[in-house]
Number of protein chains: 2
Amino acid sequence: MSNDNTVYVGNKPVMNYVLAVVTQFSNGADEVAIKARGKAISRAVDTAEIALNRFLQGITKKEIRTSTEEIETDGGPMNVSSIEIVLMHRV
Amino acid sequence: MSNDNTVYVGNKPVMNYVLAVVTQFSNGADEVAIKARGKAISRAVDTAEIALNRFLQGITKKEIRTSTEEIETDGGPMNVSSIEIVLMHRV
């Protein structure tokens, strides 16, 4: 059992990430963190909602955090928003 | 003072929504809820982050909720993710 299972959501179809989340719980994870930055944030929320509503039993949202990260681009440093949605077994 | 000030984030430039949030607090709101659905969710997170980091003093995140809403489309009902980010005066 590990507490730091993380799924990074990017530009692939949302079901790829849903499957990754479901797989981590199937493999015995206590918690799974879904993380995304920028435009992928919407897909991270979709991932959590679809996983919870259609695939996972006895799992709930533990915490949702948003933050601002500074990334390096060709035009210099830029701020980008990020989200972390932590799912866990219902206690 | 009202507790149900809401800014609905859509497809306009993010600063429009940041200004709306800042204005509501300037007008005496205790809390402001930032809501969005679908792809606009990323922009809602940007709105909250920019408002908090660049414009608002003494305001903090109170709560972030995500949910799934059913909307009617030409092709029948469809599920869409939504987010609500509530900002409030730091206590």
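Read along the sequence, chain A runs β-α-β-α-β-β, which comes to two helices and four strands, where helices (H or I, at least four residues) and strands (E, at least two) are DSSP runs numbered from the N terminus. This is a predicted model, in which local features need pLDDT of at least 70 and side-chain atom pairs count only at pLDDT 80 or more, while totals for chains, interfaces and linings use all residues. Residues are numbered from 1 along each chain as its sequence is written, chains are lettered from A in the order in which they are written, and side-chain values use heavy atoms, with hydrogens and water left out.

**Chain A**

- Along its principal axes, the C-alpha trace of chain A spans about 45 × 25 × 20 Å.
- A salt bridge (a side-chain nitrogen of Lys or Arg within 4 Å of a carboxyl oxygen of Asp or Glu) joins A:R37 to A:E69, with the closest N and O atoms 2.9 Å apart.
- Because A:R37 lies in strand β2 (residues 31-37) and A:E69 in strand β3 (residues 59-73) of chain A, the pair ties together parts that are 32 residues apart in sequence.
- Over all chains, the structure holds ten salt bridges.

**Where chain B meets chain A**

- In contact, meaning heavy atoms within 4.5 Å, are 18 residues of chain B and 18 residues of chain A.
- The buried area between the two chains (the accessible area, with a 1.4 Å probe, that two parts lose on being put together, summed over both) is about 1,300 Å², of which carbon and sulfur atoms give 50%.
- On the chain B side, B:S42, B:I64 and B:T66 lose the most area to chain A, together 37% of what that side buries.
- Between the chains there are zero salt bridges, but 17 residue pairs are in polar contact, both residues being at pLDDT 80 or more; such a contact is a pair of N or O atoms within 3.5 Å, where within protein one must be able to donate a hydrogen and the other to accept it, and residues adjacent in sequence count only if both atoms are side-chain atoms.
- The elements of chain B that give two or more residues to this side are α2 (41-55), β3 (59-73) and β4 (76-89).

**The α2 helices**

- The contact between α2(A) and α2(B) is made by A:I41, A:S42 and A:V45 together with B:I41, B:S42 and B:V45.
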